[in-house]
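The paragraphs below walk through one protein model, starting with overall properties and moving on to individual strands, helices and residues. Please keep the sequence and the structure in view while reading.

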Amino acid sequence: MALACVNDLRYRYPGRDRPALDGVSLEIDPGEVVCMLGPSGSGKSTLLRALAGLVPHFHGGSFAGRVEVGVRDTRTARPSDLAGTVASVFQDPEDQVVFTAVRYEVQFGLENVGVEPLAIPPRARQALAAMEAEHLAERKTQELSAGELQRVCVASALALRPQLLLLDEPTSQLDPGAAEALFEAVAELGCAVLVSEQRPALPLERCDRMVFVDDGRILVDADRAEGLRWLAANRPAFVDHEPAHVAAEADGEVVLRVDNAAYTYGEREVVVPDLQVRRGEIVALLGPNGSGKTTFAKLAAGLLEPARGSVVRAGRASYLSQDPGRYVVAERVDEEVALGVGGDRERARRALGRVGLAGFDDRHPRDLSSGERERLAVASVLVTEPDLLVLDEPTRGMDPERKLELAALLRSQADERATLVVTHDAAFAADVADRMATTEPAREAAHA
């Protein structure tokens with residue numbers, strides 16, 4: 001008997017003309033791992049929200065069809081009623097955190113579902129350990145890197161030991177070791193899992209089935225072997241491929257030089273690697289969660305001043321943050337992009353076209369999917385034509401086909417600037433970068 005059953009689900013968000021889901025049917029058996037793939041904005045997150053009861057109870061809108069989880073119909077069972085059965089990890093961990101202390105954040109869900117009080121602390125510690133995040137237990141959530149925060153959110157879900165685990169881009173900000181730990185921990189739980197991913201290699205290795213969603217419909221629902229064959233024939237960007245370009249050695253002027261630099265957060269000193277980036281080259285910066293990559297990016301862009309050492313830039317820098325959706329201020333997509341160029345909407349529309357958002361001009365930025373918002377943010381920094389472009393996790397929420405397009409776009413404009421890309425996406429780094437640099441946790445030390 002299926003643990004979860006979706007039957008002819010049709011759903012439209014309030015104020016939208018097109019349905020987000022259009023006749024979706026899906027069953028998930030106990031213990032089954034299902035990998036859900038598809039383009040940005042195709043309806044994957046909406047389907048996860050429907051299985052959690054958030055659609056329609058939280059989001060409103062027009063709902064038809066039937067969703068059952070366990071023996072409960074989500075039209076009558078609210079998300080709180082499903083809390084002991086379903087656990088979710090959302091795309092944006094920043095929006096999922098409630099408490100300021102990591103330990104209490106992981107314990108919170110266990111308290112809500114009525115776990116015996118004496119059992120709560122060890123279960124929370126066990127979940128953090130499964131995500132290799134036990135050392136974060138006494139840290140404040142607002143002090144964590146985005147990847148560390150994502151580990152905590154995953155640990156909070158694992159601690160609940162749900163029957164159905166819903167994962168929406170759970171590895172988008174995790175380093176490779178943490179991503180491996182996530183899927184190993186999930187396997188040990190033995191629960192049913194529906195995981196939506198835009199870095200599909202790991203879930204495709206571990207899944208029983210692959211579902212491909214596009215334009216609100218399921219195009220393919222097949223076992224792993226058949227799903228891989230379908231992807232190779234129809235959506236090859238979602239499976240392994242050779243790097244899109246041959247790395248070149250740039251000989252342009254040095255636009256960014258970082259020497260012996262460090263930044264302090266209270267009593268913590270983060271030491272960043274020495275690096276120079278020349279005009280005409282793209283450098284990818286990789287490294288473990290919490291090792292100082294975002295600190296490096298902000299130092300490079302001039303948003304932070306080093307406590308010691310030097311950071312020298314030639315010309316103007318533009319910076320794309322990890323969570324650009326938090327900084328949206330305009331009511332229209334084209335207005336948002338035009339903010340950086342004195343309100344020039346024509347220039348903004350050309351930038352939107354280059355990132356695949358032509359025709360989105362009059363949409364509200366917050367009505368876009370996570371991947372579409374990421375492309376909007378990319379357009380907002382590209383339009384300024386900087387000498388130094390700093391991109392912090394630019395592929396977050398972006399599907400593999402769009403990643404290839406972004407890599408090609410950055411390569412086509414490489415001669416115009418120096419580009420630094422901070423990423424955990426090794427495949428994207430191989431597609432876009434001329435060379436790699438790394439940050440190391442050992443270079444972070446207590447500030448004397």
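How many positive and how many negative side chains does the protein have, and how far apart do the centres of the two sets lie? There are 51 positive and 71 negative side chains, and the two centres are 3 Å apart. The model is a predicted one.

The protein contains 14 helices and 20 strands. Its radius of gyration is 22 Å, close to the 22 Å that the globule rule gives for 448 residues, so the protein is as compact as a globular protein of that length. Along the principal axes, the C-alpha atoms fill a box of roughly 65 × 50 × 40 Å. Of the 448 residues, 56% count as buried. Among contacts with a separation of 6 or more, 70% are between residues 24 or more positions apart.

The strands can be taken next. Strands of a sheet pair through backbone hydrogen bonds, either parallel or antiparallel. The partner of β5 is strand β4 (residues 62-69), and 2 bridges connect the antiparallel pair. Here E68 stands opposite D73 in β5.

Of its 6 residues, 5 are buried, so β9 is largely enclosed by the rest of the structure. Strand β3 (residues 33-37) runs parallel to β9 and is joined to it by 4 bridges. In this pair, V34 has R209 of β9 as its bridge partner. Strand β10 (residues 217-223) also pairs with β9, in the antiparallel sense and over 6 bridges. Across that pairing, V211 stands opposite D221 in β10. β9 and β10 form a hairpin with 2 residues between them, and D215 in the turn has a positive phi of about 55 degrees.

Another antiparallel pair consists of strand β11 (residues 254-265) and β13, joined by 4 bridges. V254 has R278 in β13 as its bridge partner. R278 belongs to the uncovered face of β13 (residues 275-278), together with Q276, whereas L275 and V277 make up the covered face.

Which residues of α9 are buried? They are K293, T295, F296, A297, L299, A300 and A301. That is 7 of the 9 residues of α9 (residues 293-301), so this helix is largely enclosed by the rest of the structure. After α9 comes G302, which has a positive phi near 90 degrees.

The other helix is α5 (residues 146-159), where G147 is found. Is G147 buried or exposed? The cut-off for buried is under 20% relative accessible area. G147 has a relative accessibility of 4%, so it counts as buried. Leaving aside neighbours within four places in sequence, G147 is in contact with Q173, L174 and N289. G147 and T171 are 24 residues apart in sequence, and their C-alpha atoms are 8.5 Å apart in space.

Methods
Residues are numbered from 1 along each chain as its sequence is written. This is a predicted model: local features need pLDDT of at least 70, side-chain atom pairs count only at pLDDT 80 or more; totals for chains, interfaces and linings use all residues. Side-chain values use heavy atoms; hydrogens and water are left out. The radius of gyration is taken over C-alpha atoms; the globule rule is 2.2 Å times the number of residues to the power 0.38. Buried means under 20% relative accessible area, exposed over 50%, partly exposed in between (1.4 Å probe, protein chains only). Contact means heavy atoms within 4.5 Å. Lys and Arg count as positive and Asp and Glu as negative; His and the chain ends are not counted. The place of a charge is taken as NZ of Lys, CZ of Arg, CG of Asp or CD of Glu. Two strands pair if DSSP finds at least two bridges between them.
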